[in-house]
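Here is a briefing on one protein chain, grouped by topic. Please keep the sequence and the structure at hand while reading.

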Amino acid sequence: MTTIVLGGGITGLLAAWHLQGRGEAVEVWEAETQLGGWVQTLPWNGEDGRPGRVEKGPQGILVRADSPADKLFRQLELPLESPGKGARWVGKKGRLIPVPAHPVGLITSDLMRWSTKFRMFLEPFQPVRPAEPEEGLSAFIARRAGPGMAEELLPAMVAGILATPPHVLSIDAIPMLRKWESYGSLFNGVRKSGISHLMVPKGGMGALPLRLAERLATVRSGLRAHSLEALPGHRWRVNGHGHSAEADRVILALPAFEAASLVAPHAKASADALSSIPYTSVKLWHSRHAPLPPFDDGFGFLIDPPSGRPYLGTLVPSWIDKGCAPQGQMQLRSFIGDSTIWEDPRPDEAKDWAWVEARLKQWLPGLGAPLQTREELSPNAIPRAEMGHRARVRTAVEALPAGIEWLSNARFGPGVRDVIEGLEAWVTER
Ligand SMILES: Cc1cc2nc3c(=O)[nH]c(=O)nc-3n(C[C@H](O)[C@H](O)[C@H](O)COP(=O)(O)OP(=O)(O)OC[C@H]3O[C@@H](n4cnc5c(N)ncnc54)[C@H](O)[C@@H]3O)c2cc1C
C-alpha cells in the first residue's frame, strides 16, 4: 500500500509516522518551505541580537501521564519541560481576578456569583445526556454546571482556546467535555482520566513536527498539490507544481477549505460539507518588556468578553517557555479575535500596536514601554465547530471517494492533543 499525505502540519506528519510504523510506504507533501503548519517556532532575536523565539500557534501542549501525547513524546525521544503551576487571571469588572488553582478555592473567589458557585458544586449529580442529538457548547455547560457558569466564566475560557463566543459552538468544539461526561460527570471525568499539565518540548513546539519529519522516509516541502486524478482500481495521481506521483491512497491532512477544492471534481457532497466548515482568523501581538511582578511569574490572563472584546487576553510566553525571551525580559503574547464574531462596536478600527498597548495597560497599568513588538497574522487559523458540525464532518468523511481520506483538527478537535488522540484512534481502527 502506497500513501501520499498532503499537508505537513502536525496532522499530516503524525498520520504519516503512524502509517510508516506499520510498514507502509508513505510520502508527505507540504506546500510551504517550512514544515509544521501552525506548529512552528520562529526565531525572534532580541534587539541586541541575543537569541529568542515566538510560537506561530500553540504555546504548549497539555499532557497527562500515559496518555497518547505522553507516549508519543517518549517514542520520539523529545524531552518535555513543564513551567509548573503559574498564576492565571480573568480580566473582569475592570480588574484581574485570580483563578484558583483548585476548585475548592472558587468558594472564596470573586470570579462568580454565589448562586453560580453553589450550582457548580452540584455538577456531579446532574444526569448524563446521550451524545445524540448534538448539543450546543453553552447549553452543555449550563446543563452540567449551571447557567451562571455558562454566562460568567465560559466565554473567557473559550475565547482563550477557540477565539470564538461559545453560544455559536457545538459541544464538538471541545470533544474532551463529552468524553468526561461519559464518566458520569465532568468532575469524575477529570478525576478518572488524570490531570493534564502544560508542557513544552525543549526548543519550542516546533521541535515536534521537525522530529517527526526526521523520522519519516520522504517529506517534500515547498510542494503544493493542485489537483487529484482518479486512476483505475481506485488509485490516484496527485499533481503538484512540477511534480506528480501515484498512490493507492491519498490522505488530505488539510484544513477543510483546502481539502474541499481538491475533492470538488470527484465528490461534490463531500466538498460542499468541507467548504461549509467555517474558520476563525486571529491576530497575535508579541511584545517584550521589563519584568512586571507578579504577572511575569504566571501563565497570563483571559478577558471576560464584555470587558474587552475583541481583545481576548495575554499570555506570558517567557514564563511558559524559559528560552523564548532574552534573559531578564518578559515576553507577552496578546490575542485579537475576529471583530465581527465578537461584536466589536468598531470592527474596522485598526488593531495596531498602539491599540493593543492601550488595552494591555487597562489591565496592567505598571507595564513598561515595549522593548520590541511583532505582529503575526493568523488567517483562517481555527476551525469553528458551529452547531451542525457533527453532520458536516460525517458527510465530508463518508462521501469521499474510495482511496481518499480527510484528517484534520476540524475533524478530531481543535488542539494538538485532540489531533494526537484522534489519530491514535484512527490508526487503531484500521
Ligand atoms: C494562534 C493559534 C494558537 C493555537 N494554540 C494552541 C494551543 O495552545 N494548544 C493546542 O493544542 N493547539 C493550539 N492551536 C491549534 C493547533 O495549532 C492546531 O490544532 C494544529 O496545528 C492543526 O494542525 P493541522 O496539521 O491539522 O493543520 P495545519 O497546521 O493547518 O497544517 C496543514 C498544512 O497543510 C499545508 N497545505 C495546505 N494546502 C496544501 C496543499 N494543497 N498541498 C500540500 N500542503 C498543503 C499547509 O501549508 C499546512 O502546513 C493553535 C492554533 C493557532 C492558529
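Helices (H or I, at least four residues) and strands (E, at least two) are DSSP runs, numbered from the N terminus. On that basis the chain has 17 helices and 20 strands. The model is predicted, so local features need pLDDT of at least 70 and side-chain atom pairs count only at pLDDT 80 or more, while totals for chains, interfaces and linings use all residues. Residues are numbered from 1 along each chain as its sequence is written, and side-chain values use heavy atoms, with hydrogens and water left out.

**Overall form**

- The radius of gyration (taken over C-alpha atoms) is 22 Å, close to the 22 Å from the globule rule (2.2 Å times the number of residues to the power 0.38) for 430 residues, so the chain is as compact as a globular protein of that length.
- Along the principal axes, the C-alpha atoms fill a box of roughly 65 × 60 × 45 Å.
- Of the 430 residues, 55% are buried; buried means under 20% relative accessible area, exposed over 50%, and partly exposed in between (1.4 Å probe, protein chains only).
- A contact means heavy atoms within 4.5 Å. Among contacts between residues at least 6 apart in sequence, 68% join residues at least 24 apart.

**Charges and salt bridges**

- There are 48 positive and 46 negative side chains, and the centres of the two sets lie 4 Å apart. Lys and Arg count as positive and Asp and Glu as negative, without His and the chain ends; each charge is placed at NZ of Lys, CZ of Arg, CG of Asp or CD of Glu.
- The whole structure holds 34 salt bridges, each a side-chain nitrogen of Lys or Arg within 4 Å of a carboxyl oxygen of Asp or Glu.
- One of them pairs Arg220 with Glu27 at 2.9 Å, N to O. This pair links distant parts of the chain, with Arg220 in strand β10 (residues 218-221) and Glu27 in strand β2 (residues 25-30), 193 residues apart. Arg220 is partly exposed at 30% relative accessible area, whereas Glu27 is buried at 15%.
- Arg95 and Asp110 form another, with the closest N and O atoms 2.7 Å apart. Arg95 is in strand β8 (residues 95-98) and Asp110 in the loop between β8 and α3 (114-120), so the bridge ties together parts 15 residues apart in sequence.
- Arg237 and Glu246 meet at 2.8 Å, N to O. Shared partners also join Glu123, Arg129, Glu135, Arg143, Arg144 and Glu181 into one salt-bridge network.

**A buried strand residue**

- Thr3 sits in strand β1 (residues 2-6) and is buried, with a relative accessible area of 2%.
- Leaving out residues up to four places away in sequence, Thr3 touches Leu19, Glu24, Ala25, Val26, Glu27, Ala247, Arg249 and Ile251.

**Backbone exceptions**

- Most residues other than glycine have a negative phi, and most peptide bonds are trans.
- A cis peptide bond, with omega about -5°, joins Glu132 and Pro133; Pro133 lies in the loop between α3 and α4 (137-145).
- Arg309 and Pro310 are also joined by a cis peptide bond, with omega about -5°.
- Asp66 is not a glycine but has a positive phi of about 65°, and is exposed at 58% relative accessibility.
- Ala163 has a positive phi near 55°, yet is buried at 3% relative accessibility.
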